[in-house]
Amino acid sequence: MITKAELLKCSIDKFTQFGSKHVTLDELAHELGISKKTIYTFFDNKEDLVASSLESLLNEYKEDINRLINSNGKDPILCVILIYQRGFDYLKYFKPSFLFGLEKYYPKASQLFDDFVKELSNSIVFNLLRKAQEAGNIKKEVNIKLIVKIYFFRIDNLVFKEKNLFELYPKEELFEHLVIYNLKGIISNNYSNSYFE
């Protein structure tokens with residue numbers, strides 16, 4: 001018998017690769033060697049499955065973020081870099097149709113994603129950058145809230161448009177331009193890290 005965790009793992013793999021609208025419950029059931037009825041023992045409908053799959057993926061990323069912060073907490077700028085570096089690793093598995101499908105067909109899942117992006121940028125990244133500024137590693141005159149809104153809040157918009165940046169540039173180059181170069185402009189002269197040499 002399949003577990004709920006196995007069903008979620010298979011679902012998120014398929015949804016992110018092909019788009020949630022393009023993967024049917026029949027296809028998932030066939031892939032897992034179960035009946036569609038079995039899926040309904042775990043989830044009320046496809047939207048519930050899509051939302052739960054996305055929530056599982058986001059929770060995995062949140063655990064990664066917490067581990068990164070706990071092991072690098074003395075250097076909040078490095079934490080921001082590592083969080084986005086890990087995020088870019090997750091994003092490479094997403095096809096643009098996945099998020100477009102969420103917005104169009106699965107509002108509950110779309111809201112989960114939007115809430116996560118807001119929490120990541122407006123809370124986690126903001127607090128890390130504020131902590132770095134208080135330590136003197138970011139210039140005093142920098143408006144952290146504005147920096148977060150300009151550079152970190154909607155990175156997903158840049159990478160999930162048609163002809164998205166992941167299709168046009170290597171992941172490493174995007175990371176450098178979207179994260180590292182933007183941080184270089186706000187760090188103070190007394191901050192030193194190999195990312196900025």
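**Helix packing and a loop residue**

I began with the handedness: H1 and H2 cross in a right-handed way. I keep in mind that this is a predicted model.

Next I looked up the geometry of that pair. The axes of H1 (residues 4-18) and H2 (residues 25-32) come within 11 Å and cross at roughly 125°. That angle makes H1 oblique to H2, because angles of 65 to 115 degrees count as roughly perpendicular and only those over 145 as roughly antiparallel.

Which residues make the contact? On the H1 side I noted Leu 7, Cys 10, Ser 11, Lys 14 and Phe 15, and on the H2 side Leu 28, Glu 31 and Leu 32. I sorted the residues of this contact into five nonpolar, one polar and two charged.

Then I stayed with H2 and looked for its buried residues, which are Leu 25, Leu 28 and Ala 29. They sit on the same side of H2, because they cover an arc of only 100° around the axis. Their cover includes H1, H3 (36-42) and H4 (46-72). Just after H2, I found Gly 33 with a positive phi of about 70°.

My last entry is on Asn 137, in the loop between H7 (107-134) and H8 (144-152). Is Asn 137 buried or exposed? Its relative accessibility is 16%, so Asn 137 counts as buried, the cut-off being under 20%. Leaving out residues up to four places away in sequence, I listed what Asn 137 touches: Ile 77, Ala 132, Ile 186, Ile 187, Ser 188, Asn 190 and Tyr 191.

Notes. Residues numbered from 1 in each chain as written. Predicted model: local features only at pLDDT ≥ 70, side-chain atom pairs only at ≥ 80, totals over all residues. Heavy atoms only, no water. Axes fitted to C-alpha atoms, helices over the stretch in contact; angles between N-to-C directions. Helix = DSSP H or I, 4+ residues; strand = E, 2+ residues; numbered from the N terminus. Parallel < 35°, antiparallel > 145°, perpendicular 65-115°, else oblique. Left-handed = near helix turned anticlockwise from the far one by under 90°. Contact = heavy atoms within 4.5 Å. Nonpolar A, V, L, I, M, F, W, Y, C, P; charged D, E, K, R; others polar. Buried < 20%, exposed > 50% of the residue type's maximum accessible area, 1.4 Å probe, protein only. Arc of directions from axis to C-beta.
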